[in-house]
Amino acid sequence: MNNPEVLERLRSLLGRGLITDPKALKPYETDGITAIREVPWLVALPESEAQVEAVLAICHEHEIPVVARGAGTGLSGGARPVADGLVLGLSRLNQILEIDLDNAVARVQPGVRNLAITEAASAHGLYYAPDPSSQIACSIGGNVAENSGGVHCLKYGLTLHNVLGVKLLCIDGQVLSLGGKRMDSPGYDLLALTMGSEGMLGIVTEVTVRLLPVPPYKQAAEDFVHAGYPRDAAAVLICELDGVAAEVESDLALVDRVLKSQGAFDIRVAVTAEEQERLWLGRKAAFPAVGRISPDYYCMDGTIPRAKLAEVLHRIAQLSEQYGLAVANVFHAGDGNLHPLILYDSNQPGQLAGAEEMGGRILELCVAAGGTVTGEHGVGVEKLDQMCVQFGSAELEQMHRLKAAFDPQGLLNPGKAVPALTRCSELGGMHVHDGRVPFPNLPRF
Ligand SMILES: Cc1cc2nc3c(=O)[nH]c(=O)nc-3n(C[C@H](O)[C@H](O)[C@H](O)COP(=O)(O)OP(=O)(O)OC[C@H]3O[C@@H](n4cnc5c(N)ncnc54)[C@H](O)[C@@H]3O)c2cc1C
């Protein structure tokens, strides 16, 4: 694509914040799921909301597709560029605008890292609860767009439950101010609609988050972090308890009783902050730790009703045997959010395709168990086919209508999150009824 007028206008707006050199564009070709790549036409790195607005106005006028990008840690290809489009990188909008102690909220720009909010609030005894394992790097704008979760979310809720307000810039220049420092708003809940919207409805340019008091009391891959996990266990469960001392003590007794009754043979209680941190480090570093035992891995993200955990893990083990690919199961057990990591070697012919196919089967298994094809990583481009399993045409049509209400030209993150109905019909109307897809024995394409 070449459009000298657009290039000139963007260059005079952004200066060095416009990237056009093919070598410099390369790092933007993928997000955290590196098997899915596309080099964009341009990358724009605005430094202010006014610049974001001006970039969108140019793209709207010239019908240029726009893919928003936070930190690029997404695991479903949501920030993967389109070849003739512009990547709108929001990492330079990284200011904490306000910490309002009276209302216990923070107002931040979209490029602020998740952990930076807690770092800024901790001096006041406050923190931001949702804590994706990528929190050291991922942005709050990306968290909103993916409705991200983390280990605190079983008790304190997802991004959806901890974001009170969002400023959303639409592709036609409208600015929507949704929510605020209060708990609820009248009318349709457009704020909730932005959660998990994957950059398809508008660009998040400001986020107001709820801050919580740091609880007074907390109890909380061995070769990688030396966390002290037992090496002979089939599974390790980390359980964090927080609250006032009396509450934590009674919860601890209860958890101890439940775990022992279910066959736990080694229960360790972390008391000091260092012990707690070491135990969590093993979980938070689980993905890189798997890199020690396999050249590549494919991370899935499905969610099931908690009571189905054992059954679904058993089926995953069967699929692992069938496909000849090992699986390391890392998950948020309390939320029923599974992350089976399918281990493969991309240098071995057929292994990547096998891993992708097996990943699809795992997600269909989650739907059949009454769950969903994504817990927190979003649909992106990775799970489009499985959206046809999850939803029928009535639901998908409403999603397309919703997208058209915000972005009638389909310029924002085209081809992501909601599959075209033709795609689903080519796949054979895979919507699950009574826990089964139609004609389960037929091969899917
Ligand atoms: C090691 C590792 C561990 C992870 N652990 C977790 C976890 O525990 N929980 C979890 O939920 N996720 C996890 N993730 C996935 C990922 O970090 C989250 O989805 C995160 O929210 C993505 O944020 P980001 O800033 O990197 O967004 P990106 O990857 O840059 O973008 C993600 C999506 O958001 C859109 N987007 C980004 N910014 C904006 C904006 N300002 N306005 C509109 N749309 C926008 C993009 O278009 C894209 O569709 C993990 C990833 C890795 C690599």
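Select residues 309-323 and 351-368 to start: these are helix α13 and helix α14, packed at an angle of about 160° with their axes 11 Å apart. Helices here are DSSP runs of H or I with at least four residues, strands are E runs of at least two, and both are numbered from the N terminus. Axes are lines fitted to C-alpha atoms, for helices over the stretch in contact, and angles run from 0 to 180 degrees between N-to-C directions. What you have open is a predicted model, where local features need pLDDT of at least 70, side-chain atom pairs count only at pLDDT 80 or more, and totals for chains, interfaces and linings use all residues. Residues are numbered from 1 along each chain as its sequence is written.

So how do α13 and α14 run relative to each other? Now show the side chains where they meet: V312, R315, I316, L319 and Y323 from α13, and G354, M358, R361, I362, L365 and C366 from α14. Contact means C-beta atoms, placed from the backbone, within 7 Å. For the colouring, Ala, Val, Leu, Ile, Met, Phe, Trp, Tyr, Cys and Pro are nonpolar, Asp, Glu, Lys and Arg are charged, and the others, Gly among them, are polar.

Next, jump to residues 4-14 and 49-62. Helix α1 and helix α3 pack there at about 175°, with axes 11 Å apart, and are therefore roughly antiparallel too. On the α1 side pick V6, R9, L10, L13 and L14; on the α3 side, Q51, A54, V55, I58 and H62. That contact has seven nonpolar, two polar and one charged residues.

Time for the ligand. Which residues are the closest to the ligand? Select G70, G74, G78, G141 and G142, out of 36 that surround it (C-beta atom, placed from the backbone, within 6 Å). Elements giving two or more residues to this shell are β3 (66-69), α5 (140-146) and β10 (203-210), and α5 has the largest share, with five. By class, the shell holds 13 nonpolar, 18 polar and five charged residues.

Last stop: colour by domain, using 4-89, 96-213, 217-286 and 289-426 for domains 1 to 4. Those bounds come from an automatic or database domain assignment. The C-alpha centres of domain 1 and domain 4 are 26 Å apart, and 18 residues of domain 1 touch 17 of domain 4. On the domain 1 side, α3 and β3 each give two or more residues, with the largest share, three residues, coming from β3. That side splits into eleven nonpolar, five polar and two charged residues.

Notes:
Contact = placed C-beta atoms within 7 Å. Parallel < 35°, antiparallel > 145°, perpendicular 65-115°, else oblique.
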